[in-house]
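Please read the numbered points with the model open alongside.

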Amino acid sequence: MIYFSAVGMVNALGNNNAQIAASLMAGVAPGMTVQEGWLTEDRPVWLGSVTGDLPAIPADLSAHRSRNNQLLLAALAQVEAPVNDAIARYGKDRVAIVMGTSTSGIAEGEDAVRYLQQHGEFPAGYDYQQQELGDPSQFMAQLLDLSGPAYTLSTACSSSAKAIISGKRLIESGLADAALVGGADSLCRMPVNGFNSLESYSRGHCTPFGQNRDGINVGEASALILLTREPADIALLGAGESSDAWHMSAPHPEGLGAERAIIMALEQAGMLPDEVGYINAHGTATPLNDQVEAAVIHRLFGNRTPCSSTKHLTGHTLGAAGATEAALSWLILTQHLTLPRQDFSITPRDNSLPDIRLVETTEMAEKPVILSNSFAFGGNNASLVIGRPS
């Protein structure tokens, strides 16, 4: 069995696990704010930002200088001791790095192109590596002086969930003894304007499963999880992946791929749907995603299992979403937190959706098992079953 040996994260809820736990229970996110200047059209948008100062990129790794990698450093600082212990114990070639991202350092690339247009040359210190999708894993491997497997996955919003699954496979196949997995995405204008062009960016604060939901809010985050075989409180009990092969950006209308991923994860965990205590839904707050996901949850779980989306608190953190929500699931289980409530203060619950048990009042998970869903563009689906080993 593969265990969560250490977890660190930063997002709009807070800058460490303690802050994030307090904000999650209170249902408030200090970093979720209205900001100007992100859209090409003159309209403010809600964004989930990481607040406060971030660690600096070391001078000898200046080619990797990006906010994306600074977010990773902030998460790494929280798990540095157990990661160093794993490297000392297993060796530099036996600790794998698997990251997920969808934007990497594109924000720095955007700034560099604007500078180029104004001055006819790139700014001093700009390096194309900053925005390469493979950069997060290269940066982490060089920073930690590791020589084992190191690569980045970019499957849109399931990227870091798939990074977790890949780390699990590397350990189980004998290619590594430990894996530092997760991902990061920093705010940049490309996805904000891209989702707006798709008419999928909310004109206000996003409202998953709400009657008048109209799209997402983008957020930034990083989450790192150290996976090992060493027994710990929480394990990755099962994982499932699928591909819709249906549409470039829309999910299969019946959610068949998403359903396959959930069933695969449950089968790998050796569990029935009724053994799950809480579902962290993908819950993007787009009309189609919530409709399809609610239908899939209803088919498999009826209205018996508590579920909710946390994206109104973190924003949709894109390539970091899967690891962020797996880390939140770990936090709920280890800290015995109340389940995240779905906020319907802006718009009422959409009662036309298939009947699922959305969390609207204070309650605890009755069973120590969480299903976390990540459903991405192109039908890249991933589901994780996380819980206390029996």
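1. A nonpolar core is here a set of buried Ala, Val, Leu, Ile, Met, Phe, Trp, Tyr and Cys residues joined through side-chain atoms within 4.5 Å. Buried means under 20% relative accessible area, exposed over 50%, and partly exposed in between, with a 1.4 Å probe and protein chains only. The model is predicted: local features need pLDDT of at least 70, side-chain atom pairs count only at pLDDT 80 or more, and totals for chains, interfaces and linings use all residues. Residues are numbered from 1 along each chain as its sequence is written, and side-chain values use heavy atoms, with hydrogens and water left out.

2. Overall form. The protein chain has 10 helices and 14 strands; helices (H or I, at least four residues) and strands (E, at least two) are DSSP runs, numbered from the N terminus. A compact globule of 390 residues would have a radius of gyration near 21 Å, and the 20 Å of the protein chain agrees with this. That radius is taken over C-alpha atoms, and the globule rule is 2.2 Å times the number of residues to the power 0.38. Along the principal axes, the C-alpha atoms fill a box of roughly 55 × 55 × 40 Å. Of the 390 residues, 60% count as buried.

3. Contacts across the sequence. A contact means heavy atoms within 4.5 Å. Among contacts in the protein chain with a separation of 6 or more, 78% are between residues 24 or more positions apart.

4. The cores. The largest nonpolar core has 45 residues, of which F4, I164, I225, L227, L384 and I386 touch the most other members. Helix 10 (residues 321-334) supplies the largest share of this core, 8 residues. A second, separate core of 28 residues includes L54, L71, A86 and I97. Leaving aside neighbours within four places in sequence, I164 is in contact with V181, I225, L227, L236, G322, A323, A326 and L384.

5. Strand 6. All 8 of the 8 residues of strand 6 (residues 178-185) are buried, so the strand is largely enclosed by the rest of the structure. In a regular strand the side chains alternate between the two faces of the sheet. Both faces of strand 6 are covered, with A178, L180, G182 and A184 buried on one side and A179, V181, G183 and D185 on the other. Two strands pair if DSSP finds at least two bridges between them. Strand 6 pairs in the parallel sense with strand 4 (residues 95-100) over 6 bridges, and V95 stands opposite A178. Strand 6 also runs antiparallel to strand 8 (residues 221-228), with 8 bridges joining them; here G182 stands opposite L224.

6. Strand 14. How many residues of strand 14 are buried? The number is 7 of the 8, so strand 14 is largely enclosed by the rest of the structure. Strand 9 runs antiparallel to strand 14 and is joined to it by 8 bridges, while strand 13 pairs with strand 14 in the antiparallel sense, also over 8 bridges. The bridge partner of N373 in strand 14 is S383.

7. Residue N381. This residue lies in strand 14 (residues 380-387) and counts as buried because its relative accessibility is 2%. The side chains of N381 and D244 are joined by a polar contact of 2.8 Å. A polar contact is a pair of N or O atoms within 3.5 Å; within protein, one must be able to donate a hydrogen and the other to accept it, and residues adjacent in sequence count only if both atoms are side-chain atoms. Not counting residues up to four places away in sequence, N381 touches several residues, including K162, G257, A258 and A261.

8. Helix 7 and its packing. Helix 7 (residues 256-269) has 14 residues and reaches 20 Å from its first C-alpha to its last, close to the 20 Å expected at 1.5 Å a residue; the expected span is 1.5 Å times one less than the number of residues. Among its buried residues are G257, A258, A261 and A265. The buried residues of helix 7 pack against strand 9 (235-243), helix 8 (287-301), strand 13 (369-376) and strand 14. A239 lies in strand 9 and counts as buried because its relative accessibility is 4%. A239 and A265 are 26 residues apart in sequence and 4.1 Å apart in space, C-alpha to C-alpha. After helix 7 comes G270, whose phi is positive, near 70°.
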